[in-house]
Amino acid sequence: MIDVLKAGQQTRRREHVNAKRQSCIQEMSAEDHAAVETMLIDYDTDIESIPYTAPPGEEGAEFSHEGGEYEVFQGLAQQMADLSGFHYIDPHTRGDRINVQNANWDLQMEGLVRAYLDYRMQDNGDGMSSVLSDDDTLRDDADTLILQNIELVNIFSRKFALLQPLASHRFPNESLIYHGYLGCSPLHPTVAISLRTLAAYQQSHRTCPQFSVQAQCKALCHLHDIPYQPYLNTQFSDAYDVYLEILHRVDSLIKAALKRDTQDWCLLNSCPCCCYKLDDKDNMTFEWLATINGNDSLKRWSSSIYGTSPRDDSQTRHSDYWLHRANIDQFQLNGAQPHEQDPTDDWEDVVQSDSAPFNCVDHWRNAGPEARKCMFSVFDESGIFIVACRHQFILLVCDMVKSGKLSKYPLTILDHLLNVYGKNGGIAYDIGCAFSKTLANSCLGPQACELNLRLMVGAFHGHAHNRRCQIDWHPMYIEGTGHTEGEGCEHVFSSSNELAHSTRHATPFHQHQTIEQHFAFWDDDKYAALSTFLQNHYREALTAIQTLTSELSSLEGVLNLTHTNFVSFHKEERSYLDGLKEPPVKDRVSVRYVQALDEVDVRQKEWNTAREAANQALVDIHVGGYQEMHTTINQARIRVDGSYSKLQNAEAMASHLEIQLGIDKQWEIDSKPYRQFHQEASLLTYHTALNDLERLVMMRLFELSKLSLSGMGYKLRQQISKALQRRSQAIRNALSRFNLQAAALVPPRPQLTWKDIVEYSFLGKFDLLRQSRSDIRTLDWTKPAHREATVKYFKLQCACEEIQRLNIEIRRLCTAIHDEELTVNATINSLLVSNKPVGLELQRQWRSRAAINAAHLFRLDQIMSQAGFSGKRGLGTRLNGTSSHEPERMMATSTISTTDEQSGGDNLEHEEQEQNVEDFADFLASVVE
């Protein structure tokens, strides 16, 4: 019997058969699935309702080789989202993506360092690794990730290649570095930049700070004939960051092998002439000399100023230059940032006080109150504060955070220097005179006094200080400074200012990275020129001694003076300037009262003249000219009313001063008290004319210096030239007013000529004119010839001190070079056995250092061979240091001593000179290569 299915049963049966058919079809391969579809179509079966699911392992088989399916799907998904009104918002920020990227790089960094050392070890000179060694085997297992279609970018080439990784490589970038390239992403690189390109950019950016990543990318695009795209900057920057990190880790391995990774090692060994102290009795007044200053050119724009999220970066700086902000904030005054106390910025000039006799605060903004040292809120970092040694090596750096040159920055630096270098130090600062009080009142005051720290003002900035300040703070008048100018920071800033345009909008990490690279190259450059510095200074000091000795001998004979007189003149000038006091408040009010009486007398005469002119005008009016009569009467009335109003104001001022002074009866003209203070009033007018003349002269000097600055535009240069032409006439007018007031004094003051004004180069020359209330021209120390001879005497003393210091520094440099050579060679031999890649890298780096040392020895030999050399020859022993190479040291010392005996102490052995010449030639050859 045949069962007849009802409609509902038929539907369920059909669904069961379809489900079974779908299950079987899903397990088929793609080819079988296509055959079944063809069969069903032949029997007119509807296949549109049959869902299709790719079998396991063939999910991507339907994608075409041309690609584009994923992009089509993304476009379709975006259209559906636009229609529905729902959008997916990525919660990850830029900082999150950078942190993930950095974490992926850190995960493989040790392998990258090993691959880099392998690359350097097998580099055959053309940037590509040589043939595989016996220990290197290619991976041929099934899990091998072959780097296919990788775009390799070099300076002059760009190609797509396939790279086979080694068995020891876990990440793609290990294989890329092994072949001389570095990928732009940590896990799935598609573009790789050659290590030589990155190294070339590093050196180019160091020598030319204005050469940025963007400029490098544009240059590569032009060389490879492709259009420039902004995303290329990001790719190159990411690869460059990883490249610098690899170099840093390699340097860390080398420093650990050389035992140079201890705390403050760089600070204690950066400059061998300053820090490599020997076991000799040097007897120097200053054991170490340095200069500190701040610079606001390297400001960094706040990334959140436009309402966007801050561009934070988890990467940290690596060098030993930087001081941490937490240490700096320990010296914060008043417990709050100055910009929170006073909303005004630091760009308003301080009003100069005419009453104070000697006040450097009026001339220097960073010597003013802390509350005025503010910075615009658009900057996160407002600049840097640095300290450099006498030979311009960078010692320490700290950020100035949203402020001007606060006292906490130099205090933090001095605290670190005192703890590391110890006693008998000298620090030059452009406001050293005013900062000495801040230091004495701080918590560092007792320590600085105990360690005999001496502050001074740099030679360049010292010219803008008053004469009284120069006597105590200028290096020329401080015993033991030699020819130390105290302006090393200005030399550093003249170079680092070129980094401003490339770091202004950078992240904190990239700003510090750029500054670190620049300062590292600066120190390398200064070390390479160290012997040149010593040679030039020695030659200049010897020339100065010879010239000044001859000139002083002539002057002493003509002026009948001795060295004792010059010291006495200096003391007398200090005593005279110390004796200058501000007049009492009552006397100053009395002077103002005399000026008010003179003004009352002038206004009275003007009023009388106006009334007489009005009466005469009424008499001379013609009859019938009504309009003319009206105009004449109005003019006469206005003149009389105006002069009478001025007279009332003058009388009111005089009455007010009479109340302050307690005067019952107004002073009469030519009375005794009037004559007494009238002279003071004339002196005050004289000072006003002198201040005006001084201001114009200083503006002329500053603008003349600007004309010679590099990088100044043509239009600005032309504007300054025109301003100088106009100011020259203004100076002549001010000079005429000054001479008029000088002649009115009793006794008359010395007048100036245009030639005198042109030769004035610093403010100290104006101070003697300003502060003289009596005629001091009869004193010996004020005579021009005596003053010139005194200056020559102190310059001669500085030249002798410079020779003494250079003799010590030359011996230190010779010993440091010898000890370094022994230490490094021993370390290289040890590493070649225990860690060959690191040993070969150290050997490669030492090759360049040895060439520079050979040039040093060549120049030092020239210094010691000249007739005027007075220092010790041979090698010394480092203070508190033990050497494991005493036999080699004794042999080298005995060789030099024997040479000295044979040559009479004037020349070295001829063979040694030839060896130095050969070493210097090798150095030049290495530079050319």
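Visitor: Which residues do ring pairs link into a cluster?

Guide: Ring pairs join Tyr-201, Phe-211, Phe-236 and Tyr-240 into a cluster. Rings of Phe, Tyr and Trp (its six-membered ring) pair if their centres lie within 6.5 Å. This is a predicted model, in which local features need pLDDT of at least 70, side-chain atom pairs count only at pLDDT 80 or more, and totals for chains, interfaces and linings use all residues. Residues are numbered from 1 along each chain as its sequence is written, and side-chain values use heavy atoms, with hydrogens and water left out.

Visitor: How many aromatic pairs does the structure hold?

Guide: The structure holds 14 aromatic pairs. A pair of aromatic rings is described by the distance of the centres and the angle of the planes. Planes under 30 degrees apart count as stacked, over 60 as edge-to-face and the rest as tilted. Tyr-116 and Tyr-119 form a tilted pair, 6.4 Å centre to centre with 40 degrees between the planes. Both Tyr-116 and Tyr-119 are buried (under 20% relative accessible area, 1.4 Å probe, protein chains only).

Visitor: Which pair is edge-to-face, at 75 degrees between the planes?

Guide: That pair is Tyr-477 and Phe-794, with 5.1 Å centre to centre. Tyr-477 is buried, because its relative accessible area is 14%; Phe-794 is buried, because its value is 12%.

Visitor: What sits over the ring of Trp-607?

Guide: The charged end of Arg-611 does, 3.9 Å from the ring centre. A charge sits over a ring if NZ of Lys or CZ of Arg is within 6 Å of the ring centre and within 35 degrees of the ring normal. Arg-849 likewise lies over the face of Tyr-527, at 3.7 Å from the ring centre.

Definitions and conventions. Buried < 20%, exposed > 50% of the residue type's maximum accessible area, 1.4 Å probe, protein only.
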